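Subject: Handing over the model

Hi,

I'm passing this structure on to you, as promised.

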Amino acid sequence: MDDLEKAILISFDESGAVNSGLKEQAVAFIQQIKENPSVCSICIEKLCFSKLVQVQFWCLQCLHEVLRVKYSSMAPEEKSFIRKSVSSIACCEPVHANDSSSASILEGPSFIKNKLAQVVVTLIYFEYPSIWPSVFVDFLPNLSKGAMVIEMFSRVLNALDDEIISLDYPRSQDDVAVSGRIKDAMRAQCVPQIVGAWYDIISMYRNSNPELCSSVLDSLRRYISWIDIGLIANDAFTGLLFDLMLVDGLLDQLRAAAAGAVLAMVSKRMDSKSKLSLLQNLQIRRVFRLVAGDSDSELVSSVAALLTGYATEVLECSKRLSSEEGKGVSLELLNEVLPSVFYVMQNCEVDSAFSIVQFLSVYVGTMKSLSALTETQLLHVGQILEVIRSQIQFDPMYRNNLDVLDKIGREEEDRMVEFRKDLFVLLRNIGRVAPDLTQAFIRSSLDNAVSSSEDRNAEEVEASLSLFYALGESLSDDAMRTGTGLLKELVPMLLSTRFPCHSNRLVALVYLETITRYVKFVTENTQYIPIALQAFLDERGIHHPNVNVCRRASYLFMRVVKLLKSKLVPYIETILQSLQDTVAQFTRMSTSSKELSGSEDGSHIFEAIGLLIGMEDVPVEKQSDYLSALLTPLCHQVEVALLNAKSHNPKEPLAQIENLQQIVMAINALSKGFSERLVTATRPGIGLMFKKTLDILLQILVVFPKIEPLRSKVTSFIHRMVDTLGSSVFPYLPKALGQLLTESEPKELVGFLVLLNQLICKFGTELRDILEEVYPVIAHRTFNILPRNDIQSGPGSCAEEIRELQDLQRTFFTFLNVIATHELSSVFLNPKSSGYLDMMMQLLLYACCNHKDILIRKGSVQIFIRLIKEWCAGPYGEEKVPGFKSFVIEAFAMNCCLYSVLDKSFEFRDANTVVLFGEIVLAQKVMYEKFGNDFLLNFVSKGFQNVHCPQDLAEQYCQKLQANDFKALKSFYQSLIEKLRPQQNGSLVFR
């Protein structure tokens, strides 16, 4: 063993026994050898005499790197020496007369042979066919030496496919050109001989060396896509491949490799007529029986992939061929293979390249134009429905996870929701082409699911119900209401069925969702209202043992009530009695806020009750009794909780607060069923009850001013009362707004401003007195919280705080806009507020010019337009707000209407920016109307001059501004800005 061999062994050592310093020396030594000009000769020499696999691998790796990097600079003699040596090694011939080791390379481990194949392929890349035209021809006579050379030849062909030819990997244009060059040369020179060798090898070794034949078939599969298909698609070769698949007793790996080769034939691109002839000649029915074996076996998986690939190609032929004969043959072949394809879909692991949904969707799509389906097509549609049902079923192994909805259950449910989407689209398409069959299948599925064994019952019932639910999306409202087809039987059957597995969460949920979807049928068939109500009110719905089902049932029941409305009046007493325990439970002291968080918090049951008892169809006395029976105990609970809190001896303070939240949510939801007209005009007594309730709930803000969740719930109720009580809410507003103003944190301020925006939009100028009182406080707090310029974010800043500041800023700008657009701008000029006028103007000016949010910029410009219209009488009128006119002309007009739009960040390709630009142009028009030449002289003489605007363009601007064509003005001003931009050179300074 010489120094190089020792160094290689040390560098490859992974045992940890070698000193790190020695290993570094070894690596440095072999690196020096790599840089030796004679390194290729050294490597060939070692390959001829060393039997150490580490040395062999290093030498082959080194040859590969040198060829790849330095080929163009190598001498012809060196290239020739490497070529002959590598060819000799690959063909099991001695490189030298005393060569003792090169043959051992072919007997070595796979990674050595793969690396040798890689070296051969690198030479082919550079030299075939111009320099080394005989590379493949040289190999062929050596195949008679036996399995070692045959295997090496297969490895070279496979490496050639992986490294150069295959389109499964991204290739550069140069690599694609090299691939084309090699394929063209092989087709012209040696492909028929190679195919002949493949046939002979498989025939000879099929029994004695099936692994070798599998390797040869893998090469064949790879090359079929670009060689002459006639070389394979003939009686001899095709017969051999089918013989391999069909003969029992052969190695599964070999039979599966034969199926892979036939699939490559089937998938080869060619014109549809030739493809159909090829598919017809295969007589694919011969392999149908093979998929009935062990679904986990390699053979069954490969034959399954073959059948699905074959069916896909037949279907493509049927779409592309226009002749009746071609379509007839395609249909015949498709009808023949489809039963096996359906079996594969339901029982085998389907190849990832095959999309079940895509294939079935295309097949179903071919039926859309048919007036009636044949018996065979109807049979196939039924089998497709079976496939869909089997595909959408949950695995029973996840049953407990899904029921308690732990992390695993949640992930599986999310996965299945996504997976089902395309399958349900397919189901709806089938429902359109074969509606009666689809409904009959669902009815049969439900019947079978009910009677199936308990260990499969839940998953089968859930799948059948999900099919029925999904089908509803393809039905019109009229079809739902009238009960078209079998719906007359299916919906009553659904309503009256009690599944043994109804305690299962998924079954209960999809059952209720399905009833809700088909409740339109009940609106026309009112005899089913009692059993529909029962499904929601008993243990299948609101009284289900699973809390998630209860909440969802409450929400869905509310939707059902909205739809049925007055038809439920005769059942109100029954419904309220059934819900007594649920109503009481919702506001229990022990209820955890965590349990009742989220959009389905259980309060929907109160909304449903409100919708029921809030109808004008309910007699006034009963309505009053119902509402009083609900509000009185709830308000009493609030008063008791507030008394306990005031006594400084609250019982379970956290539970009290949670309880209060629940009560406010319940009352809020309850009030949604009562219209403003009913509580203020037709039945004011009902309105009085809500006013008293509002008065009591406002006390919560006094006793618990700093409990944010409670503030939020009470604020939400105030919003509701504004809509419900209308102007009669006014006497309660000073107290409510006063209490809400006690907190000045950004989050609380945002909620307060949102409430004010609602009040202004509803009552307009009626709110002026209240606004004049609260605006100074709002302005003081907001200007103290918000920065004058941008809200800074970066290292050390809190993301939550920044988000709250951004929310406050956005809401405050909306608030100013709402005031300005509702004829309330005089609030800004009130003596109590005038001290904040300059700060407001500076904030708006900065926002107009610089804010990153284009919508805020647009809103700020709109505020200026509104204020100019209201505060400026005209060119010669008296100045209503001293200094405002000069501020607008000198600051707003210059900075916003000129300098900001000249900045390159003002992107005219953005749709929102174009809308902002329109507002800026409108502002100029308004300023000219109000200020006349005062605006024009300053803007044109001073502003345009500063930005180097040519005189002729300035004159054109004046003409456009003075004309009445706004669209022309906007278009001209945009072109003017785009012409002026290149002249600025970053010289603009916002003032």
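Here is what turned up when I went through it.

First, some ground rules. This is a predicted model, so to speak of a local feature I need a pLDDT of at least 70, and side-chain atom pairs count only at pLDDT 80 or more, while totals for chains, interfaces and linings use all residues. Numbering starts from 1 along each chain as its sequence is written, and side-chain values use heavy atoms, with hydrogens and water left out.

On confidence: pLDDT (the predictor's confidence in each residue, from 0 to 100) averages 90 over the chain, and 94% of the residues score at least 70.

Next, helix 43. Its 14 residues, 837-850, reach 20 Å from first C-alpha to last, close to the expected 20 Å at 1.5 Å a residue (the expected span is 1.5 Å times one less than the number of residues). Several of its residues are buried, including Leu837, Met840, Leu844 and Cys848 (buried is under 20% relative accessible area, exposed over 50%, partly exposed in between, with a 1.4 Å probe and protein chains only). The buried residues of helix 43 pack against helix 40 (768-785), helix 41 (799-821), helix 42 (826-829), helix 44 (854-871) and helix 45 (884-902).

Ala799 counts as exposed because its relative accessible area is 61%. From Ala799 to Val915 it is 116 residues in sequence and 30 Å in space, C-alpha to C-alpha.

Most residues other than glycine have a negative phi, and most peptide bonds are trans. Tyr128 and Pro129, though, are joined by a cis peptide bond with omega about 5 degrees; Pro129 sits in the loop between helix 7 (110-127) and helix 8 (135-142). Cys92 has a positive phi, near 65 degrees, and lies in the loop between helix 5 (76-90) and helix 6. His948 also has a positive phi, near 60 degrees, in the loop between helix 47 (933-946) and helix 48 (951-962).

Cheers

Technical notes
Helix = DSSP H or I, 4+ residues; strand = E, 2+ residues; numbered from the N terminus. Contact = heavy atoms within 4.5 Å.
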